[in-house]
Amino acid sequence: MPRTRKDEAPLLVDAPVIQGRYVDLDDYTVSFETFPADTDATEVFRGLPDDRCQCPHWGLVLAGRLDLRYRDHTETYRAGDAYYAPPGHVPVVAAGTETVEFSPAAALRRTTEVVAANMAPAGGGPR
């Protein structure tokens with residue numbers, strides 16, 4: 001059975017606002033993300049439909065607070081909360097937040113291409 005751990009996953013994003021470790025397990029990507037600073041991801045999703053993340057995620061907040069803004073409401077998750085994020089969200093994350101997420105790999109790659117291009121001018125794109 002495929003498996004991974006945070007300490008085995010390669011560091012693929014190392015920016016002032018996010019450190020991300022990612023591993024594909026079959027058709028899903030496991031994401032271990034740490035946010036050292038308050039982060040509003042609105043700008044990095046520009047160019048996606050409705051300027052929002054189009055990938056669904058299932059996750060767990062290990063520490064901190066994660067707000068997912070949708071067009072008509074905001075969902076707030078805190079340490080210990082498991083969540084499902086359907087397409088159409090923008091994350092706003094408090095400093096010190098850590099999450100683990102499971103996402104369909106193909107959908108995440110399409111989203112990540114836009115996010116990486118938007119982060120690159122600020123020097124925060126993937127390594």
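User: How many aromatic pairs does the structure hold?

Analyst: This predicted model holds two aromatic pairs. One of them joins Trp58 and Tyr84.

User: Why is the pair of Trp58 and Tyr84 called tilted?

Analyst: The ring centres of Trp58 and Tyr84 lie 5.0 Å apart, and rings pair if their centres lie within 6.5 Å. The planes stand at 40 degrees to each other. Planes under 30 degrees apart count as stacked and those over 60 as edge-to-face, so the rest, including this pair, are tilted.

User: What makes this a link between distant parts of the chain?

Analyst: Trp58 belongs to strand S5 and Tyr84 to strand S8, and the two residues are 26 residues apart.

User: Are Trp58 and Tyr84 buried, partly exposed or exposed, and how do you know?

Analyst: Trp58 has a relative accessibility of 38%, and the relative accessible area of Tyr84 is 38%. Buried means under 20% and exposed over 50%; therefore Trp58 counts as partly exposed, and so does Tyr84.

User: What makes Tyr28, Trp58, Tyr84 and Phe102 a patch?

Analyst: These four residues form a nonpolar patch on the surface, with about 410 Å² of accessible area together. A patch member needs over 30% relative accessible area. Tyr28, found in strand S3 (residues 28-35), has 41% relative accessibility and so passes that cut-off. Tyr28 is also classed as partly exposed. Nonpolar side chains are joined into a patch within 5 Å.

User: How do you know that S5 pairs with S8 and with S10?

Analyst: Two strands pair if there are at least two bridges between them. Strand S5 (residues 57-63) is joined to strand S8 (residues 82-85) by four bridges, so the two pair, and they run antiparallel. Five bridges join S5 to strand S10 (residues 97-104), again antiparallel. Among the partners, His57 is bridged to Ala85 in S8, while Leu60 is bridged to Val100 in S10.

User: Why are S4 and S7 called edge strands?

Analyst: Four strands form an open sheet in the order S4-S9-S6-S7, with antiparallel pairing. Strand S4 (39-40) and strand S7 (74-78) each pair on one side only, which makes them the edge strands. For S7, the neighbour in this order is S6. Five bridges join strand S6 (residues 65-69) to S7, and the bridge partner of Asp67 in S7 is Thr76.

User: What makes a set of residues a nonpolar core, and which members of the largest one touch the most others?

Analyst: A nonpolar core consists of buried nonpolar residues joined through side-chain atoms within 4.5 Å. The largest such core has 23 residues, of which Ile18, Phe45, Leu66, Leu68, Tyr77, Tyr83 and Met119 touch the most other members. Two or more residues come from each of S6, S8, strand S9 (90-93) and helix H1 (105-119). H1 gives the largest share, four residues. In soluble globular proteins, nonpolar side chains tend to be buried together.

User: What is the phi of Asp26 and of Asp51?

Analyst: Phi of Asp26 is near 55 degrees, a positive value in a residue other than glycine. Phi of Asp51 is likewise near 55 degrees.

How values were computed
Residues are numbered from 1 along each chain as its sequence is written. This is a predicted model: local features need pLDDT of at least 70, side-chain atom pairs count only at pLDDT 80 or more; totals for chains, interfaces and linings use all residues. Side-chain values use heavy atoms; hydrogens and water are left out. Patches are made of residues with over 30% relative accessible area and no salt bridge: like charges are joined within 9 Å, nonpolar side chains (Val, Leu, Ile, Met, Phe, Trp, Tyr) within 5 Å. Accessible areas come from the Shrake-Rupley method with a 1.4 Å probe; for residues, only the protein chains shown count as cover. A salt bridge is a side-chain nitrogen of Lys or Arg within 4 Å of a carboxyl oxygen of Asp or Glu. Buried means under 20% relative accessible area, exposed over 50%, partly exposed in between (1.4 Å probe, protein chains only). Rings of Phe, Tyr and Trp (its six-membered ring) pair if their centres lie within 6.5 Å; planes under 30 degrees apart count as stacked, over 60 as edge-to-face and the rest as tilted.
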